[in-house]
Amino acid sequence: MGVGVKKGLSLSGSMDEGLGGGVNENDSTVDHEAINEVAEREQMYEKMWRSAPAPRDRGTNFIRRAQQPLYYGDYLQLDKLLDAQSPVSLKAGDPSHDELLFITVHQTYELWFKQIIHELDSVRHIFAELTIGAKKIGAALHRLLRIHEIQKILSDQIRVLETLTPQEFLDFRDYLFPASGFQSFQFRLIEIKLGVKRTDGQNMKYLQCLNEKHRKMIEAALAEPSLFELVERWLRNIPFPNFRGYQFTTAYEEAVNRMFDLDMKVIHTQLDGVEKENAIEELKKTKRTFESVYDRSVHDEMKKLGLRRMGFRATCSALLIMLYQDEPMLQLPGRLLRVLVDIDDQLNQWRYRHSQMVHRMIGAKMGTGGSLGFSYLKSTVDNCKVFSDIANMSTLLIPRRLLPNLPSEIRDQLKYYYNVEQFDRTFFEMGSGGDSIDWSFC
């Protein structure tokens with residue numbers, strides 16, 4: 001039977017506002033039989049879900065039979081989504097054709113911000129656990145890679161916004177005051193959850209621009225550990241830099257000294273005079289950076305100067321992973337460290353592209369929210385990076401030919417399998433059914 005209800009039922013079985021406020025019994029346009037039929041169907045579906053097995057025990061046929069038929073537009077709530085664009089120039093009786101594009105692009109940004117926060121929270125939850133196995137590292141890496149791909153879309157969207165000319169933007173810009181992208185609480189949540197550091201004064205100034213609901217969300221995020229803090233804790237607790245008598249810092253120091261001795265020989269044999277003196281001086285400065293890996297006092301000094309953010313042990317662990325990431329068990333951690341740097345770089349690229357776009361649109365004018373506009377945005381480029389310590393570790397890498405070999409005890413721990421004692425080897429020499437394994441090629 002068709003549902004002949006005026007402004008009545010969606011295909012998901014939900015009642016809309018036409019019926020939600022009550023039905024006039026004498027209204028001839030209402031199909032009461034259809035209403036009763038839908039109500040009975042809803043009760044049936046509700047009963048089925050109440051008696052349903054646990055999710056992991058539900059088969060495809062059961063799920064499709066037990067839920068109400070979905071309609072694409074209802075599932076995505078397209079009516080609500082497509083009605084969310086409300087140009088203020090139109091309300092003011094001065095309609096601007098291009099304001100719809102401006103709204104659509106920024107709403108799309110906010111939807112992608114929501115997805116990034118969703119992925120970021122799940123990764124933070126993984127690193128908040130005290131034990132993180134390869135499976136969880138893999139899940140975290142997968143979601144971080146997704147964030148990185150979304151970031152590429154965010155940068156590409158600027159190209160769409162740039163089809164708006166400065167004059168077209170000015171047609172409706174005055175109607176936007178005092179709203180501003182500076183008030184995007186979701187973007188600030190992303191920064192906080194990643195671990196962007198701002199002064200208390202900067203945070204206070206930003207909080208004053210928000211409504212109470214969004215202010216509370218920002219304050220709650222500031223009270224939680226960031227991804228940077230969680231990753232640093234994970235690195236700090238990796239056992240391999242100091243494992244069963246092996247000292248990574250000692251082995252690294254010996255390799256660095258050998259490398260610098262070779263460089264010094266090259267300088268003495270190939271350079272003369274002032275050029276030689278300058279080269280020796282630069283080599284000494286460079287070696288000071290290397291010393292921060294095996295001399296905690298040098299590391300602490302660099303940290304006080306703002307040249308390092310991670311702790312001494314976490315820095316050593318990160319460097320060990322990057323030097324020996326060809327080892328099977330360090331491949332995933334190595335990729336994870338690289339994608340953290342990629343996310344940092346992509347966010348910085350977006351800041352730069354955004355600042356250039358703003359300069360093109362409004363020049364040196366103040367922002368609609370009272371900020372310094374282009375000057376403020378430009379100041380955030382390169383000053384809001386989170387994982388610079390990891391990015392800068394390329395300075396501390398040494399050639400593979402000079403890399404000290406890891407002890408066999410550590411190499412065994414870094415394999416995907418453990419060596420089997422002689423009396424257990426029959427398990428591998430025989431199949432599970434007791435048959436000999438056929439090692440021939442197909």
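**Salt bridges, cavities and surface features of the predicted model**

Arg 288 has a relative accessibility of 39% and therefore counts as partly exposed (buried is under 20% relative accessible area, exposed over 50%, partly exposed in between, with a 1.4 Å probe and protein chains only). Glu 301 is also partly exposed, at 39% relative accessibility. The structure is a predicted model, in which local features need pLDDT of at least 70 and side-chain atom pairs count only at pLDDT 80 or more, while totals for chains, interfaces and linings use all residues. Residues are numbered from 1 along each chain as its sequence is written, and side-chain values use heavy atoms, with hydrogens and water left out.

The side chains of Arg 288 and Glu 301 form a salt bridge, with an N to O distance of 3.1 Å (a side-chain nitrogen of Lys or Arg within 4 Å of a carboxyl oxygen of Asp or Glu). This pair connects distant parts of the chain. Arg 288 belongs to helix α15 (residues 273-294) and Glu 301 to helix α16 (residues 296-304), 13 residues apart (helices are DSSP runs of H or I with at least four residues, strands are runs of E with at least two, and both are numbered from the N terminus). Elsewhere, salt bridges with shared partners join Asp 121, Arg 124, Lys 193 and Glu 224 into one network. The total for the model is 18 salt bridges.

Glu 224 sits in the loop between α12 (212-222) and α13 (227-236), while Arg 124 sits in helix α7, so the bridge ties together parts that are 100 residues apart in sequence. Arg 124 counts as buried, at 10% relative accessibility. Glu 224 counts as partly exposed, at 36%. Lys 193 also forms a salt bridge with Glu 224, with 4.0 Å between the closest N and O atoms. Here the partners lie in helix α10 and in the loop between α12 and α13, so parts that are 31 residues apart in sequence are tied together. Lys 193 is buried, with a relative accessible area of 10%.

A search of the whole structure returned 2 cavities of 30 Å³ or more (on a 1 Å grid over the protein atoms alone, a cavity is a set of points where a 1.4 Å probe fits but cannot get out; a pocket is an open set with protein on both sides within 12 Å along at least five of seven lines; lining residues have an atom within 4 Å of a point). The largest cavity has a volume of about 70 Å³ (the space filled by probe spheres set on grid points, which are joined across faces, edges and corners). Its lining consists of Phe 113, Ile 116, Gln 151, Leu 154, Phe 187, Ile 190, Gln 346, Leu 347 and Trp 350. Two or more of these residues come from each of α7 (99-128), α8 (134-161), α10 (185-194) and α18 (331-362). The largest contribution is that of α18, with 3 residues. The lining of the largest cavity comprises 7 nonpolar residues, 2 polar and no charged (Ala, Val, Leu, Ile, Met, Phe, Trp, Tyr, Cys and Pro are nonpolar; Asp, Glu, Lys and Arg are charged; the others, Gly among them, are polar).

The second largest cavity has a volume of about 50 Å³. Ile 116, Leu 120, Leu 144, Ile 147, Gln 151, Ile 190, Leu 194 and Ile 343 line this cavity. The elements α7, α8 and α10 each supply two or more lining residues. Helix α8 provides the largest share, 3 residues. The division is 7 nonpolar, 1 polar and no charged.

The second largest pocket holds about 540 Å³ of space. It is lined by 22 residues, of which Ile 132, Ile 137, Trp 234, Ile 238 and Pro 333 are the closest to its centre. Two or more lining residues come from each of α8, α13 and α18. The lining of this pocket contains 16 nonpolar, 4 polar and 2 charged residues.

On the surface, Leu 70, Tyr 71, Tyr 72, Tyr 75 and Leu 76 make up a nonpolar patch, with about 620 Å² of accessible area together. Tyr 71 occupies the loop between α3 (60-66) and α4 (72-75). Its relative accessibility is 46%, so Tyr 71 counts as partly exposed. Patches are made of residues with over 30% relative accessible area and no salt bridge, with like charges joined within 9 Å and nonpolar side chains (Val, Leu, Ile, Met, Phe, Trp, Tyr) within 5 Å. Accessible areas come from the Shrake-Rupley method with a 1.4 Å probe, and for residues only the protein chains shown count as cover.
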